[in-house]
Amino acid sequence: MRLAIETYKLTLSLSLPMLLAGLMIGLMVSIFQATTQINEQILAFVPKILAVIAVVILTMPWMLNLLIDFTTRLINMIPDFPF
């Protein structure tokens, strides 16, 4: 059970920066579209994709360190795992 909770926490912490970036950019673009009455779908899609890509590039070392640490702990738990 502890392993499942730790996996969920890791998944949440890895996905949260990208989700928050997409959410914030989407909110800003929506406010901009509402104030200027521009209803272009490309205007809503491209900034979110660029923001998510930028966040992935900036946080990649941190994400890889978390995944490597988690994988190392999993591999070290194999001998003690009850089958």
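Let's start with the two helices: the axes of helix 1 and helix 2 come within 9 Å and cross at roughly 170°. Angles over 145 degrees count as roughly antiparallel, so helix 1 runs roughly antiparallel to helix 2. Where helix 1 contacts helix 2, the residues divide into 23 nonpolar, 5 polar and 4 charged. Do keep in mind as you look around that this is a predicted model.

Helix 1 covers residues 2–36, and Gln37 sits in the loop between helix 1 and helix 2. Have a look at the backbone here: Gln37 has a positive phi of about 60°, although this residue is not a glycine. Gln37 counts as exposed because its relative accessibility is 70%, and the cut-off for exposed is over 50%.

Now move into helix 2, which spans residues 41–77 and includes Thr59. Thr59 has a relative accessibility of 17%, so this residue counts as buried; the limit for that class is under 20%.

Finally, let's turn to the charged side chains. The count comes to 1 salt bridge, in which the side chains of Glu6 and Arg73 meet at 1.8 Å, N to O. This pair links distant parts of the chain, with Glu6 in helix 1 and Arg73 in helix 2, 67 residues apart. How accessible are the two partners? Glu6 is partly exposed, with a relative accessible area of 23%, and Arg73 also counts as partly exposed, at 40% relative accessibility.

Notes:
Residues are numbered from 1 along each chain as its sequence is written. This is a predicted model: local features need pLDDT of at least 70, side-chain atom pairs count only at pLDDT 80 or more; totals for chains, interfaces and linings use all residues. Side-chain values use heavy atoms; hydrogens and water are left out. Helices (H or I, at least four residues) and strands (E, at least two) are DSSP runs, numbered from the N terminus. Buried means under 20% relative accessible area, exposed over 50%, partly exposed in between (1.4 Å probe, protein chains only). Axes are lines fitted to C-alpha atoms, for helices over the stretch in contact, and angles run from 0 to 180 degrees between N-to-C directions. Angles under 35 degrees count as roughly parallel, over 145 as roughly antiparallel, 65 to 115 as roughly perpendicular and the rest as oblique. Ala, Val, Leu, Ile, Met, Phe, Trp, Tyr, Cys and Pro count as nonpolar, Asp, Glu, Lys and Arg as charged, and the others, Gly among them, as polar. A salt bridge is a side-chain nitrogen of Lys or Arg within 4 Å of a carboxyl oxygen of Asp or Glu.
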